[in-house]
Amino acid sequence: TDQGAGPCAAGYYCPAGSSTDQGSGICTAGEYSSPGSSSCSVCPAGTYNSDPGTSSDLHDSVNDCTVCPAGTYLSDDATSASEHASASLCASCLDGTHLPDEATDATKHDSPEDCELCDVNTYSNTDTGFSGCLSCPDDLFSPAGSGGCSSCAPGFICHRNDAGVILWSEPCGAGMYTFGGDECTGKASCQFTRTLNITNKLIR
């Protein structure tokens, strides 16, 4: 402890009337301070500091605030230390999105908008995590931003490459239908159905 006069030590906070360079103590979780600080600063958006105040070395620079892991973000803009006190406070991206940055840049983890949509034929969800998107199996399909894969949906046809991999899907046009497959059924089948109905009525 300093017995003279001078600035508050980094990692500590010294309000008015402090008698040592360690003032009122070490900053706590979610906080840091530079030399000469009268109060602790809250970690910026996209970061956290989980140390509860065990060592000033863990609170003496903004660099002690750790960037949220891949697949997560923290949007609070340094308003409350309690919002930056643990990695668990970094929110996960939503199903069908991903955030690939591996905790290198806080500006890529400070908003839900940092989560990017998965491409066509890929998906993400809480089981897979949100650091990246996984590819659908060859016989399944997903539109962009999907949380899972499925066979071609009723009302849609799927277009495949020569290997049978579904590349994209599109809805059937007016007057057409499908239960899900590679082609839509058109007016001819509807006419056939109508003929059967008429025949049934005549038999009765």
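A contact here means that heavy atoms lie within 4.5 Å of each other. With that in hand, let's walk through this predicted model. Among contacts in the chain between residues at least 6 apart in sequence, 45% join residues at least 24 apart.

The chain has one helix and twelve strands. Of the 204 residues, 32% count as buried. The chain exposes about 11,700 Å², and carbon and sulfur atoms supply 51% of that area.

Now for the inside. In soluble globular proteins, nonpolar side chains tend to be buried together. Here the largest nonpolar core consists of five residues: Tyr 73, Cys 93, Leu 99, Cys 115 and Phe 130.

You will find Ser 33 in the loop between β1 (31-32) and β2 (41-42). Is this serine buried or exposed? Ser 33 counts as buried because its relative accessible area is 0%, and the cut-off for buried is under 20%. The Ser 33 side chain reaches the backbone nitrogen of Gly 11 at 2.9 Å and the backbone oxygen of Tyr 12 at 2.7 Å. Leaving out residues up to four places away in sequence, Ser 33 also touches others, among them Cys 27, Cys 40, His 59 and Asp 60.

Key
Residues numbered from 1 in each chain as written. Predicted model: local features only at pLDDT ≥ 70, side-chain atom pairs only at ≥ 80, totals over all residues. Heavy atoms only, no water. Core = buried A, V, L, I, M, F, W, Y, C linked by side-chain atoms within 4.5 Å. Buried < 20%, exposed > 50% of the residue type's maximum accessible area, 1.4 Å probe, protein only. Helix = DSSP H or I, 4+ residues; strand = E, 2+ residues; numbered from the N terminus. Polar contact = N/O pair within 3.5 Å; in protein donor to acceptor, adjacent residues only side chain to side chain. Areas by Shrake-Rupley, 256 points an atom, 1.4 Å probe, with all protein chains shown as cover.
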